[in-house]
Each structure stands twice: as C-alpha cells, then as structure tokens.
Amino acid sequence: MSIYLDITKTAEMTMQAGNKALYLQMMNQMGIHIPATIVVNYPALWVDFCDVDSAKNIILKYVKDNYGNTYEFMIRSSYSKEDSQNVSFAGKFLSVHIYNLDDIPQAIQSVWESADGNWSNMGVV
C-alpha cells in the first residue's frame, strides 16, 4: 500500500482515501478537468510500515519534485463519512490554504487533527 497516489497522473483507483478523493478521481477519468490532485491514503493503511512524520516528508518530497513551480496549494480532508449520497458534511473538517511548499507537512497534520482524534481513517487531498 502506498502512502499517496497522484490521481491526475494515473488511472489506478483509490478506495482507501475517502469519498472526496474517489469522486475527484472519477471526474478526472471522465475527462472533467480537475486541478492536480495528490491523495494521501488513510493512515490506518500505512502507519504500520511508515511513521507519520516520515510519511509527511515523503509527500513533501513528491510535491517538490513534481509540482515545485506551483505556488499555492489547498490541503483538504477526504473522509469516508463526507460527500456521500446521503450527506455532504461540507466544511466539517479543516481545509488549509498554503503558499509555501514547506508548510505542507503541518497543513496535513492540521487537517488530520480536525477529525478529533479519528484521523487514521481520513485521507487528504
């Protein structure tokens, strides 16, 4: 299991990162333009082989290597309880708008913390 998946660069589907990530990926595959999107899979899936700080650094390195010229990012939750056919829960969890790549690890941590301790089943986009 990988820590992240760049859904705008692969056809591989991720079912382990929440509904927002899944629907963004489906729209991308239908040819609907979405911004470059990297999905961080549920930590519960990878925390046994990679600690959280290492994971955040791996993600930061990937973003710098592939999107280093981008000056603005939005770090958002992608939770299985969000964006379902029955409820949206829009705005329930934190979204962090950043302008500095080095702020990505802290932004990811802040989004996870907005889940009130149940972050192990929250993806991040």
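Read along the sequence, the protein chain of this predicted model follows the pattern β-α-β-α-α-β-β-β-α-β, with four helices and six strands, where helices (H or I, at least four residues) and strands (E, at least two) are DSSP runs numbered from the N terminus. Residues are numbered from 1 along each chain as its sequence is written, and side-chain values use heavy atoms, with hydrogens and water left out. Because the model is predicted, local features need pLDDT of at least 70 and side-chain atom pairs count only at pLDDT 80 or more, while totals for chains, interfaces and linings use all residues.

Among contacts (heavy atoms within 4.5 Å) between residues at least 6 apart in sequence, 68% join residues at least 24 apart.

In soluble globular proteins, nonpolar side chains tend to be buried together. Not counting residues up to four places away in sequence, the contacts of Ile75 include Leu94, Val96, Ile98, Ala107, Val111 and Val124.

Trp112 also takes part in the one aromatic pair that a search of the whole structure finds. The rings of Trp46 and Trp112 have their centres 6.2 Å apart and their planes at 45 degrees, so the pair is tilted; rings of Phe, Tyr and Trp (its six-membered ring) pair if their centres lie within 6.5 Å, with planes under 30 degrees apart counted as stacked, over 60 as edge-to-face and the rest as tilted. Since Trp46 lies in helix α2 (residues 43-46) and Trp112 in helix α4 (residues 104-113), the pair ties together parts that are 66 residues apart in sequence. Trp46 is buried, with a relative accessible area of 0%, and Trp112 is buried with a value of 0%.

Ser77, found in strand β4 (residues 77-79), is buried with a relative accessible area of 2%, and its contacts beyond four places in sequence include Lys20, Glu82, Phe93 and Met122.

Technical notes. Buried < 20%, exposed > 50% of the residue type's maximum accessible area, 1.4 Å probe, protein only.
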